[in-house]
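Here's a quick briefing for anyone opening this structure for the first time. Have a look at it below, and then we'll go through it topic by topic.

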Amino acid sequence: MKKAKRNAVLILILFCLLVAGAVYAVLFGLGEESAGRAEDIILGLDLRGGVSVTYEIAEDDATSDAIAATQDKLQRRVDNYSTDGEVYQEGSNRFTVEIPVDTSKYDPNEILDSMGRPGKLEFVDPANFELFANGKEYAAALTGADVKEASAGIREDQTTGTKENVVSLQFNDEGAKKFADVTAANVGNPIYILYDSQVVSYPRVNEAITGGSAEINGIGSYEEAESLASTIKIGALPLTLRELRSQVVGAKLGSDAVRTSLLAGAIGLGIVFLIMIIVFRFPGFLASIALSVYVILELFFLQSLHISLTLPGIAGIILSIGMAVDANVIIFTRIKEEIGDGKTVKTAIRNGFSKAFSAIFDGNITTIIAGVVLLWMGSGSVKGFAKTLILGIILSMFTALAVTRILLYAFANLGVTNKKLYGEAKHRKVVKFTRAFKVTGLISIVLIVGGIAFLFVNKGMDSRGNTLNYSLEFSGGTSTTVTFDKEYTLAEAETEIAPVIAEAAGIDAGKIQIQTVDNTNQIVFKTSELDEATRTKVSDALESKFSLTNDKIESENISSTISSEMQRDAIIAVVVASILMLIYIAFRFSDVRFGAAAVIALIHDVMIVFMVYSVAYLSVGGTFIACMLTILGYSINATIVIFDRIRENLREMNANAVGYDTIVDTSISQTLTRNIYSTLTTFVTVLMLYILGVSALKEFTLTLIAGLLCGLYSSVFITGPMWLFLKKHIGGKKKDASGQVAKQASK
């Protein structure tokens, strides 16, 4: 006993040291690169502000070398605006460019223009420049492809000590030979440097330059030298790019989103701690410590794994907090049941973890399946949501199955074994939930049919006009979000603002869709797809008419090509996730009827939430995919808890004697408390985000709330009864989960 207590003390001391180390890492970082420091977490564009654009390569026969060179040139252009900018390839023929910048200091439309511009760079001798100036055909001595590097610098004259701004050039082998020839032939004359047919510099040749490098001097300022070096360095793009999608985000939205989301998360977490302590007493207190460790680890790995934190990503973290609580609820409910059956606290802890493991493992794996499908088929912020969700689920399993376990065992060995500190589950009366299946099934059918019927209602309403409220991601077009200095009504926006946009864009004002954002001065204007030049005209007109700055105007442009792809991917994602879950559950429970019942329940939940989208006319876009798959993952979690209990009761109860109805009703009754508490804690965290979060998250969190409540309803009234129906009517005599051949008895 003394040894057990001594070991428990050592474990707690080691735990405290490890937690202190983790806190230090999150606050100050580890090593030379300060790995894990929370303040260095990469923020996505929707939180930092900036410009994002996706291009498609126009050429069908682009070589890998040309693609690599184009990506390099784009990255060099990005570096002119931000060292944190990134260019990455998507698929075989697309690039996505993300540039976090302060849009109040840079004109985002100028950035978009400079990124996609072909960028023809030429070095022209005097004779050919005269032909160029007269509009005649001319030949360039060198092009951007001949330049290896260009950099700005300051050179000091060794004799006089004077300093001058210079641009140093380095040529490749072929370029060095060309430059030697043209400088040898033009000593004393200028060489004209043209970029997109504009003269950017005309340095005079003092001597033939044969070494493969050169220097341009006589530049007025260092800023001019930097600009010239950048122009020469980025050169021409080897491939032609077509814009598929672009987005401009103001930094103000990002700062508000971070602040309000952190506040929502902190309040939600505090309420969860309170609920856990009240309901589960001492284990709930230890779970609160474990959840705090979870938050610390989440911050550490977000930074150390270089995961960009996006606005939906914050929602993913807050949602995964609820998932972390769920695992603890399952464990503690089992412990209370064991104590209620007369077990000692130590035995109850051991049995509780043992019996809860399969439900926790299976539930989290199926949610990870949904996250992986999101990561695979999603894009941009949806991928950010998927990454944080998957990371959160993995960490939640670790904190519940390892941290909470270690703490419980340690304190139990120290003598904290009073049953009053842990609670004792009373034997719950078995409720005949299966008898209500006909009624609850009918209610579900009515809701689903009502949602489908509303598609036609929406189509016929003048204020709506479409079956669903498709966002740009699914419909294509241009969306301009403007933050005005005062609040405008919808009518004022139609009469005072829409005509300004229509005139600048050259479109009919009546075809502009207008949406006000509650409790803000923001108004969203949706139009058909506008090219970059037209979007610039719209921004300039708004700035001039309403005295706005760049950071007050945000825009998003999506081509019809990418919007149709996203519609297709949304359907495929839900289908793929459902099939993978069906396969996993059928494998784990050795009975395809478990998988079939689960998928039917999932389709039920998705259709109910779809009804919410239809009736409330919520925006259907990229976050719609994330919402649906999150609901799939979370709902299946509750389903698996019930299936796990059915599987256990099939082993312990005689189905021939009591009937499958009783087994299902008993299983639902035994897990009802867990389902309520798990839904409640997750509901609280998401509700706080809905109440306190920015408007961009309102619809997302609202549908998650609907999904949570629907998941609770279906896990009690649909899932178990559906499995019972399949058990009775499909397959004849089959081995049940206990491995025994049983008749399909019912009492």
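A search of the whole structure turns up 20 salt bridges, a salt bridge being a side-chain nitrogen of Lys or Arg within 4 Å of a carboxyl oxygen of Asp or Glu. Keep in mind that this is a predicted model, where local features need pLDDT of at least 70, side-chain atom pairs count only at pLDDT 80 or more, and totals for chains, interfaces and linings use all residues. Residues are numbered from 1 along each chain as its sequence is written, and side-chain values use heavy atoms, with hydrogens and water left out.

**Salt bridges**

- Arg76 and Asp72 join their side chains in a salt bridge, at 3.0 Å from N to O. Both sit in helix H3 (residues 64-79), four residues apart, or about one turn of the helix. Helices (H or I, at least four residues) and strands (E, at least two) are DSSP runs, numbered from the N terminus.
- Arg76 is buried at 18% relative accessible area, while Asp72 is partly exposed at 34%. Here buried means under 20% relative accessible area, exposed means over 50%, and partly exposed is in between (1.4 Å probe, protein chains only).
- Asp181 and Lys177 make another salt bridge, with their closest N and O atoms 3.6 Å apart. These two both lie in helix H6 (residues 173-184), again four residues apart, about one turn of the helix.
- Asp181 is partly exposed at 45% relative accessibility, and Lys177 is exposed at 57%.
- An α-helix has 3.6 residues a turn, so residues three or four places apart point the same way.
- Lys343 pairs up with Glu338 in a salt bridge, the closest N and O atoms being 3.8 Å apart. Lys343 is partly exposed at 30% relative accessibility, but Glu338 is buried at 4%.
- There's also a network of salt bridges, which links Arg334, Asp362, Asp644, Arg647 and Glu648.

**Aromatic rings**

- The structure holds 24 aromatic pairs. Rings of Phe, Tyr and Trp (its six-membered ring) pair if their centres lie within 6.5 Å; planes under 30 degrees apart count as stacked, over 60 as edge-to-face and the rest as tilted.
- Tyr660 and Trp723 form an edge-to-face pair, 6.1 Å centre to centre with 80° between the planes. The pair links distant parts of the chain, with Tyr660 in helix H20 (residues 660-692) and Trp723 in helix H21 (residues 698-729), 63 residues apart.
- Tyr660 is buried, at 0% relative accessible area, and Trp723 is buried at 0% too.
- Elsewhere, ring pairs tie Phe129, Phe132, Tyr138, Tyr192 and Tyr202 into a cluster.

**Helix H15**

- How far apart are the end C-alpha atoms of helix H15 (residues 532-546)? They are 21 Å apart, which agrees with the 21 Å its 15 residues should span at 1.5 Å a residue. The expected span is 1.5 Å times one less than the number of residues.
- Glu532, Thr534, Arg535, Thr536, Val538, Ser539, Leu542 and Phe546 are buried in H15.
- The buried residues of H15 pack against helix H4 (108-116), strand E11 (241-249), strand E13 (477-483), helix H14 (490-505) and strand E16 (553-558).

**Val524**

- Val524 is found in strand E15 (residues 522-527), and at 12% relative accessibility it counts as buried.
- Which residues does Val524 contact, leaving aside its neighbours within four places in sequence? They are Ser479, Thr480, Thr481, Gln513, Ile514, Gln515 and Val517, where contact means heavy atoms within 4.5 Å.
- Val524 and Ala139 are 385 residues apart in sequence, and 49 Å apart in space from C-alpha to C-alpha.

**The whole chain**

- The protein chain has 21 helices and 19 strands, and its C-alpha atoms fill a box of roughly 105 × 70 × 50 Å along the principal axes.
- Of its 747 residues, 52% count as buried.
- Among contacts in the protein chain with a separation of 6 or more, 76% come from residues 24 or more positions apart.
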